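Subject: Structure handover

Hi,

Here is the structure for you to look through. My notes come after it.

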There are 2 protein chains.
Amino acid sequence: MKLTAPALDETGADGRGDVPGHDGRGRFDLLFEPAGRKVRVPPGVMLFDAASWNGIAIDSTCGGHGTCRKCKVQVSEGLAPITNLDTRAFSTEELRDGWRLACRVEITNNLRVQVPELVTRPKAATVGVGRKVILRPAVQKRYVELDEPTLSDQRSDLERLLASLDDLELRAELPVLRALGGVLRASDYRVTAVVVDDVLVDVEPGDTTGRLFGIAFDLGTTTVVATLLDLSTGAPVAVQSMLNKQQPFGADVITRISAIMMDPRALEKLSSLAHEALDELAQAVCLEGAVRPDEVYEVAIAGNATMTHIALGIDPEPLGVAPFIMSTKLFPETLAADVGVSIHERARAVIFPAFGAYVGGDIVSGLLASGMDRDSRERLFLDIGTNCELVLGNCDRLLATAAPAGPAFEGAAIRCGMRAAPGAIEVVRMTAQELELGVIGDVEAQGLCGSGLVDAVAELVQLKLLDASGRFVSDDVARELAPGVGARLTQLGKERVFVLHWRGDEGDVEQSIYLSQRDVRELQFAKASIATGWRILLEEAGLAVEDLQQVLLAGSFGSYLSPASAVRIGLVPNLPVLRVVSAGNVAGEGAKMALLSLRERAGAMALLDEVEYVELSDRADFNDRFVDQLAFPD
Amino acid sequence: MKLTAPALDETGADGRGDVPGHDGRGRFDLLFEPAGRKVRVPPGVMLFDAASWNGIAIDSTCGGHGTCRKCKVQVSEGLAPITNLDTRAFSTEELRDGWRLACRVEITNNLRVQVPELVTRPKAATVGVGRKVILRPAVQKRYVELDEPTLSDQRSDLERLLASLDDLELRAELPVLRALGGVLRASDYRVTAVVVDDVLVDVEPGDTTGRLFGIAFDLGTTTVVATLLDLSTGAPVAVQSMLNKQQPFGADVITRISAIMMDPRALEKLSSLAHEALDELAQAVCLEGAVRPDEVYEVAIAGNATMTHIALGIDPEPLGVAPFIMSTKLFPETLAADVGVSIHERARAVIFPAFGAYVGGDIVSGLLASGMDRDSRERLFLDIGTNCELVLGNCDRLLATAAPAGPAFEGAAIRCGMRAAPGAIEVVRMTAQELELGVIGDVEAQGLCGSGLVDAVAELVQLKLLDASGRFVSDDVARELAPGVGARLTQLGKERVFVLHWRGDEGDVEQSIYLSQRDVRELQFAKASIATGWRILLEEAGLAVEDLQQVLLAGSFGSYLSPASAVRIGLVPNLPVLRVVSAGNVAGEGAKMALLSLRERAGAMALLDEVEYVELSDRADFNDRFVDQLAFPD
């Protein structure tokens with residue numbers, strides 16, 4: 001531990017200029033003691049955040065703003081420059097011994113850090129893909145009993161209140177000031193201050209500290225999900241979901257952007273529909289959880305760039321046409337009211353930032369929930385939909401890209417395709433002798449959804465009724481290879497089709513649920529696009545398929561997709577099926593994490609710098625590689 | 001110049017802990033070279049501000065946020081700790097030579113500072129009481145021509161724009177983002193960024209840099225004045241004023257507060273009336289100045305605490321009853337729209353902070369305009385109205401208090417009293433032989449306003465028709481002392497009155513404009529309250545009347561008051577009349593300064609810490625001293 005002014009370190013380094021920038025390259029080792037926990041983090045991350053992300057709790061009440069001066073740690077090895085705040089928090093002796101405020105230490109080299117034991121065990125919740133989150137929500141409540149003013153103590157109402165919260169440096173907004181005097185006097189100066197990050201959003205009469213809630217939204221193109229969280233325990237109180245009300249304007253983001261390009265008034269309409277969906281869900285979870293809407297002080301919204309832009313009333317047109325430009329990566333301070341959610345009137349909305357037009361806030365949120373940047377295993381994160389987002393890597397390096405998959409997995413552009421709703425065939429199991437279908441709901445099959453499509457093609461490839469190029473074999477070969485099901489391969493007009501389910505009379509192909517040769521082609525295009533994406537990422541990272549330790553399938557489609565089928569058709573790398581796992585609704589989980597911890601929220605921001613984006617659309621070799629991936633693996 | 005880490009200075013001082021706090025006590029000397037200018041400033045002030053306040057221009061484009069790194073100065077004597085930003089702005093060699101960013105140097109000891117010559121001479125304007133203000137408005141415009149996005153440059157619209165403004169660190173609000181994409185594309189990426197302090201408030205197509213305006217409001221209890229300023233030159237473009245529309249609710253702040261206490265709906269009504277007045281004036285100055293309202297991006301409002309609270313919709317009741325508590329001293333970020341002013345929709349409103357319930361933002365503004373804290377002369381600042389605010393001192397120390405003067409100076413509670421409006425006697429000159437009146441407007445006298453009242457009493461005291469105790473002499477003595485005017489002293493009912501102007505028949509006292517014995521008593525109470533105030537301040541400061549070098553009379557009443565009369569009745573200290581000067585509408589001038597310079601705005605904030613408030617109402621000796629001051633000086 002050397003102790004000099006940052007600029008005067010004898011190496012000539014200023015502690016910043018000569019280290020790798022916070023650009024996703026380079027990592028430093030941190031050793032936390034006495035826990036003995038060793039972690040690797042990118043340069044530029046704050047020590048306080050790095051500790052929290054790895055389950056190491058450090059004392060703090062201010063949310064990392066440098067105002068409470070409680071996050072004291074001792075840096076016993078490595079250089080941690082002294083900041084202005086350190087000089088106010090520590091004696092010269094302590095500074096010499098390496099004591100620093102963890103929230104001010106920007107990591108620029110390897111560090112060994114002694115973390116003082118906490119007096120009380122911090123609360124934590126398990127969220128996301130088995131992630132333990134230390135509870136440090138942006139929302140906090142403080143009950144205070146203030147001295148009444150006198151002629152010898154004429155501090156203003158706000159000064160009086162803020163003096164009782166002197167570990168925080170808060171700003172109060174005009175509406176709070178309008179109510180403050182009345183509330184203080186009506187409640188005999190016994191009030192609860194409601195704080196969101198560094199803003200005093202309300203002052204409530206009496207002690208209401210037991211009631212503080214937030215809502216995590218997964219604002220999907222297809223489905224919107226809301227989870228009401230008790231921010232004091234981290235427990236989910238209620239969950240509700242609904243279809244995105246923008247569906248009448250198109251099933252995917254491109255058709256919705258097109259609708260706005262055609263009709264300038266459509267933006268306002270689509271924006272209102274997003275607000276309605278968010279608000280209806282908010283009211284529903286409050287009702288279900290017996291929580292008053294004005295007890296909800298913050299929401300977090302994870303959505304792709306298009307959904308986010310529209311919800312905020314920003315024209316998404318530039319997202320939809322080359323060169324695919326976002327209005328902004330980082331969204332400004334937003335109120336829940338700005339996105340139509342009627343909860344506490346000063347409640348904040350945290351909008352997940354986006355990497356790019358096609359790797360949006362839902363993916364940032366999903367990566368956060370998956371802990372992609374904090375795990376040494378090489379993993380591939382796949383969020384499959386009309387657009388597929390792919391992220392490859394581990395705590396040392398993360399690469400991302402987007403691949404246009406088309407609507408096949410949504411059941412669109414497929415002859416008998418449908419959304420994953422009651423009546424959809426979601427599972428197909430086939431042997432040479434028999435065919436077995438899994439249908440959503442207790443109803444007759446009415447169509448084929450994405451997971452059923454993948455299953456059907458995988459089984460047909462397995463039985464060799466589809467050859468490696470994706471062509472159906474002849475009727476004769478089919479009957480020979482699969483005596484029990486081969487006869488289902490037949491003709492509809494000029495097209496070869498495989499009947500999955502007879503409706504009406506057997507033999508009435510037109511009324512049946514079938515898979516057509518063209519459907520197979522659609523699926524091949526989709527999977528080739530995705531496979532090209534992860535193959536290029538692997539190559540960029542210098543990895544082989546064998547180096548991969550896990551494939552995480554994100555999103556609801558990922559939950560239903562059969563890993564074996566996905567491997568069989570080459571949609572995902574050829575790993576043992578147990579290593580291909582559904583990660584569930586990770587976008588929604590990341591939104592929960594952002595509500596439960598300011599540190600995790602900082603983690604989402606850090607991801608923006610850590611992930612390197614690989615653009616596919618301007619690669620000269622993309623088309624050749626895409627064609628190579630059209631075939632099914634042998 | 002020693003160069004060590006702040007905490008490791010061998011004196012053991014950390015550069016902060018051991019110096020006097022920023023509490024109005026203690027001053028440090030700064031020597032600016034090559035100008036050779038020596039100034040004294042309170043501890044805690046930033047070097048950049050101190051230079052600007054004293055007319056020393058230092059390069060800067062960011063408004064002192066530490067982002068442009070242009071305000072480079074060399075500290076050649078004295079300790080200026082190195083901050084994180086300095087290490088990024090300077091080489092080790094430069095730091096060793098004492099180079100620092102002036103906006104980061106907090107003054108904690110005496111300094112000798114070398115200021116590099118500016119390439120271009122900075123613009124300045126003369127405002128306030130002869131104060132030269134270097135133009136650094138919070139509002140700035142930048143015309144930029146951006147590269148269009150491509151597949152290899154997919155930065156978001158906001159990132160692209162902000163990269164062209166890299167000396168600033170701006171936050172953009174949601175409404176700006178909503179418009180940004182459209183404006184960029186419609187104007188071929190040639191736009192003007194409109195910045196207020198650190199907020200991007202608009203992006204306008206093409207080059208609009210020539211048009212930026214602000215409005216300074218003096219929001220008085222009686223009169224509201226608006227001045228439209230061209231922020232690029234500092235020139236006033238138009239001025240308009242009107243009576244405060246709240247007059248029907250009472251002439252002074254106490255009656256307006258009472259109205260709100262009686263009727264809870266009155267606050268909303270009074271608040272709307274304030275908004276209407278501000279907006280009508282805003283529209284009027286824009287019309288007069290041929291400026292579009294949306295070219296006005298900021299307003300500054302100087303008003304007393306009650307006017308300010310009401311305009312912001314904050315209940316002023318606690319201001320009106322002991323212990324006289326403000327809702328807040330410092331007002332939060334406010335939009336012009338929050339106070340009803342319809343100019344640019346994101347325009348900001350700067351609300352002057354207040355010392356206390358009875359020394360409000362108008363006084364802070366007035367002190368700023370008077371330069372009370374930057375002048376070595378001992379001066380007394382008096383703002384006389386229903387409430388009188390008094391500030392005594394110089395650049396070393398400032399003491400303030402408020403004295404309740406009652407409504408006499410407003411012409412209220414005076415039998416023939418009236419506001420200073422057409423028909424009001426505003427000047428009275430009397431010898432033993434004759435009486436001469438000055439009446440406002442070309443009309444017959446209809447009443448007596450404050451300055452006329454003071455004149456009348458002063459002249460009667462001078463002629464000894466009023467004795468030192470304030471009692472009219474007998475008719476006989478009057479006729480003897482003043483043959484030409486003594487007969488005007490007569491009787492109305494049981495009261496002694498002095499007729500100033502006969503209306504109707506001579507001898508019809510009831511129809512005349514007169515001064516009654518009770519009127520004289522009212523004036524005595526008012527002047528005794530004020531005189532007690534400044535005598536206590538002088539005593540607290542350890543000064544005698546002879547030490548005073550100037551009395552500044554602020555506000556419109558101060559402009560009309562005769563210095564000789566004010567001295568004669570003992571309202572102001574007994575100085576040569578040339579040293580008793582009208583400072584004019586200093587509240588409005590301070591508001592202009594706040595619009596023209598962020599540094600002057602910081603100066604207003606610094607005043608809050610520099611001025612020591614002396615509370616009169618809880619002083620045991622107040623009543624005795626008050627009674628001593630009732631008499632007129634011999």
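Below is what turned up, starting with the ground rules.

This is a predicted model, in which local features need pLDDT of at least 70, side-chain atom pairs count only at pLDDT 80 or more, and totals for chains, interfaces and linings use all residues. Residues are numbered from 1 along each chain as its sequence is written, chains are lettered from A and ligands numbered from 1 in the order in which they are written, and side-chain values use heavy atoms, with hydrogens and water left out.

The interface

Chain B and chain A bury about 4300 Å² between them, 60% of it on carbon and sulfur atoms. (Buried area is the accessible area, 1.4 Å probe, that two parts lose on being put together, summed over both.) Each chain gives 50 residues to the contact (heavy atoms within 4.5 Å).

Two salt bridges link the chains (a side-chain nitrogen of Lys or Arg within 4 Å of a carboxyl oxygen of Asp or Glu). Arg88(B) and Glu106(A) form a salt bridge through their side chains, at 4.0 Å, N to O.

On the chain B side, helices H2 (84-89), H3 (92-96), H4 (157-163) and H5 (174-186) each give two or more residues. H5(B) has the largest share, five residues. (Helices, H or I, at least four residues, and strands, E, at least two, are DSSP runs numbered from the N terminus.)

Arg619(B)

Arg619(B) sits in the loop between strand E29 (611-613) and helix H18 (622-628) of chain B. Its side chain makes a polar contact of 3.2 Å with that of Asp621(B). Leaving out residues up to four places away in sequence, Arg619(B) touches Ile536(B), Glu539(B), Glu540(B), Val614(B) and Arg625(B).

Backbone points

The Glu33(A) to Pro34(A) peptide bond is cis, with omega near 5°. Pro34(A) lies in the loop between strands E1 (28-33) and E2 (37-41) of chain A. In chain B, the bond from Glu33(B) to Pro34(B) is cis too, with omega near 5°. Asp197(B) has phi near 60°, a positive value in a residue other than glycine. Asp197(B) is in the loop between strands E10 (190-196) and E11 (199-205) of chain B.

Best wishes

Conventions: Polar contact = N/O pair within 3.5 Å; in protein donor to acceptor, adjacent residues only side chain to side chain.
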